[in-house]
Amino acid sequence: MAEFLDYFRKERLPHIWCPGCGHGTVTGALIRAIDKLGLDKNKIVMVSGIGCSSRAVGYLDFDTLHTTHGRAIAFATGVKHAKPSLKVIVMTGDGDCTAIGGNHFIHAARRNIDITTIIMNNSTYGMTSGQYSPTTPHGMLGTTAPYGNVEHEFDVCELAKASGASYVARATSFHVTLLTDLIEKALMNKGFSVVEALTQCPTYFGRKNKIGGPVELLNWIKDRTVNVKAAAALPPEKLAGKLLIGELYKAERPEYCATYAETTARVQRTYNDYKGGNRGCELNSD
Amino acid sequence: MPKNAKLMQGNEACTMGAIAAGLQFFAGYPITPSTEIAEMCSEELPKFGGKFIQMEDEIGSIAACIGASLTGKKAMTATSGPGFSLMQESIGYASLCEIPVVIVNVQRMGPSTGMPTSPAQGDIMQARWGTHGDHQVIALAPGNVKECFELTFKAFVYAEAYRVPVIVLADEVISHMREKVVLPDPSSYKIPMRAMPTSPAGYKPYGADPDGGVPLMAPFGQGYRWHCTGLFHDESGAPSGKAAVADQLLHRLDRKIEKNVQALEDYYVESMDDCDVAVVSFGSSAMAALSAVRRARKGGLKAGMLRLKTIWPFPDQAIRRLCASAKKIIVPEMNLGQLVLEVERAIHGKAEVIKLGKVTGELFHPDEIYKALKEAF
Ligand SMILES: Cc1ncc(C[n+]2csc(CCOP(=O)(O)OP(=O)(O)O)c2C)c(N)n1
Ligand code: SF4
Ligand SMILES: [Mg+2]
């Protein structure tokens with residue numbers, strides 16, 4: 001691979017993440033996937049919301065857009081729709097994507113707009129110091145769930161699939177090779193692609209739940225998962241409470257920008273003598 | 001009838017003004033009384049390669065517009081009170097990150113769902129202070145259908161020139177009213193363009209004169225690889241928690257508009273030169289006010305009319321200059337007194353300022369303003 005750090009804004013390092021945080025591992029996997037595919041750095045736009053996870057884009061040497069909490073996918077929709085030739089990647093957290101931003105998430109999936117969304121799911125609001133999130137398992141602790149989480153968590157991948165995403169996969173910051181491979185496939189899919197990366201927040205989630213340090217937490221995450229291929233041969237009792245990792249769903253569905261372009265072409269044939277507006281406006285800003 | 005004359009609605013004129021200014025992207029969510037703008041954009045934009053999208057809410061709409069603007073496109077959204085409230089956080093983002101974007105807010109009765117189809121002018125202060133923190137916006141209030149076209153066009157000129165969110169502050173009556181409008185010849189439009197850098201070498205996304213300079217804006221996807229963040233940032237775009245960086249950034253953003261107040265002021269005046277009592281108003285309230293002022297003049301009363309088209313930044317100096325002869329100033333507005341506070345502040349005791357608020361969801365009748373004028377003399 002090209003020099004790993006070439007993808008980073010070296011002058012912006014060191015990063016803000018705690019020692020043992022999993023967000024860096026996920027960021028590394030994304031960079032390796034981009035490198036493997038040989039994508040043009042100048043044609044990638046990375047969009048994020050607010051959270052520890054969302055800080056990732058600030059360190060990366062692309063056009064990067066660090067937006068408001070929960071809105072990354074909506075900003076990304078604007079970027080992609082306005083300029084479909086750009087590769088648009090969203091880096092987001094479980095809180096950012098599935099709580100405050102949940103509505104944008106399901107609607108972008110429904111549109112199947114060509115955006116790759118990497119969700120760094122640490123089952124907590126890390127940046128605000130460990131409150132429970134929509135992906136905190138039932139019964140586990142958070143600073144706002146001192147007696148155990150009363151609520152039940154989302155299965156983010158099922159949510160993405162049901163909403164219309166055309167590529168859905170899950171891995172963890174333990175299974176880095178798998179994660180890199182899945183991100184690579186997600187980047188190649190033309191449509192709304194979701195890779196959920198289960199990752200560790202040792203500082204808040206791990207400590208509050210007395211799981212131990214980063215290593216124990218990583219092992220805890222690993223033990224929560226079963227590879228989807230292995231799962232096919234396992235009895236149901238072995239799968240109870242486990243999260244499947246691997247490629248979970250893939251479908252051929254019309255992509256939003258492509259369909260919009262087809263519609264535009266049809267409209268333009270009908271209104272070929274149209275004199276209003278600013279024909280060729282695609283060009284007047286490039 | 002001239003070739004470009006047309007009977008049109010305020011919302012239609014607004015859309016046409018935007019398209020004339022080079023609109024390339026519209027994202028919105030339906031809400032009365034602004035919906036016609038979204039409907040017309042969905043129909044017109046594909047005809048020339050522009051992009052329309054109906055987002056899942058107004059938060060997403062403003063976000064998508066900002067995203068589109070970052071690729072170099074001219075972007076607009078349109079809404080009314082409840083949706084305008086939802087947009088506030090990202091309006092602050094556009095203000096801090098200096099992203100040109102136009103927001104049409106067709107005001108209706110509030111707070112809350114209020115009276116959705118009734119006119120009001122209660123968003124004067126929300127337009128100025130709706131998002132948190134010190135920031136600047138520009139807000140323009142059309143007073144007739146033709147101005148819906150002109151001021152929306154101008155909104156793009158200002159958004160691109162100053163890299164700020166610009167709000168077109170219309171109201172239900174102006175936007176739903178139909179009038180004959182003679183549009184300028186399309187060849188006369190000069191499409192406003194933001195200043196862009198010419199090479200990525202040494203590009204500083206936020207490098208500008210600390211005294212209100214406007215940085216050059218590189219479109220995404222052209223090799224500049226810059227970072228846009230709602231965290232306070234230095235000239236290079238890097239997030240910063242340094243006191244001096246914050247201070248310099250907020251002062252530059254403030255000065256950017258503050259030092260151009262005079263360039264941005266825009267108003268309609270009639271009979272102000274020698275007036276004893278002035279009426280200062282805007283939007284549809286000013287229509288009734290003008291007819292009352294004319295009636296007063298016919299009856300020998302020295303009344304004058306000042307209708308503001310630029311509401312924010314507030315034209316303090318223009319108000320003082322134009323109202324120099326007035327002993328009293330009446331401020332009719334369809335709210336419980338918002339613009340009047342600014343007039344009072346600008347006049348600074350040089351004249352008596354009289355509040356004339358109305359919150360019935362009905363327009364002012366000229367008689368109501370005429371009565372206030374008579375009482376003032
Ligand atoms: C509108 C808004 N509400 C709340 C916050 C506070 N806030 C910042 S980050 C965050 C949670 C982030 O959680 P997640 O997306 O899971 O990221 P993590 O820090 O865990 O990586 C919250 C609630 C905010 N910045 N903006
Ligand atoms: S608080 Fe948690 S999520 Fe945030 S940087 Fe530290 S370990 Fe990572
Ligand atoms: Mg989290």
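**Ligand shell, chain interface and domain contacts**

The shell around ligand 1 comprises five nonpolar, 10 polar and two charged residues. The model is predicted. Chains A and B meet through 44 residues of chain A and 46 residues of chain B, and the domain assignment of chain B gives domain 1 (5–188) and domain 2 (265–376).

**Ligand 1**
- Among the 17 residues around ligand 1, those that come nearest are Gly51(A), Gly93(A), Gly95(A), Asp96(A) and Gly126(A).
- Helix α3 (residues 94–100) of chain A supplies the largest share of this shell, three residues.

- On chain B, the elements that give two or more residues to the side touching chain A are β2 (25–28), β3 (51–54), α3 (58–70), α4 (81–97) and β10 (227–229).
- α3(B) gives the most to this side, with nine residues.
- This side of chain B consists of 23 nonpolar, 15 polar and eight charged residues.
- β10(B) pairs in the parallel sense with strand β2 (residues 63–66) of chain A, over three bridges.
- Thr229(B), in β10(B), stands opposite His66(A).

**Domains of chain B**
- The centres of domain 1 and domain 2 of chain B, taken over C-alpha atoms, are separated by 26 Å.
- In chain B, 23 residues of domain 1 are in contact with 21 residues of domain 2.
- The domain 1 side of this contact draws two or more residues from each of β6 (115–119), α5 (124–129), β7 (138–140), α6 (145–162), β8 (165–171) and α7 (172–176) of chain B.
- α5(B) provides the largest share of the domain 1 side, four residues.
- By class, the domain 1 side has 16 nonpolar, four polar and three charged residues.

Methods
Residues numbered from 1 in each chain as written. Chains lettered and ligands numbered in written order. Predicted model: local features only at pLDDT ≥ 70, side-chain atom pairs only at ≥ 80, totals over all residues. Contact = placed C-beta atoms within 7 Å. Nonpolar A, V, L, I, M, F, W, Y, C, P; charged D, E, K, R; others polar. Pairing = 2+ DSSP bridges. Near = placed C-beta within 6 Å. Domains from an automatic or database assignment.
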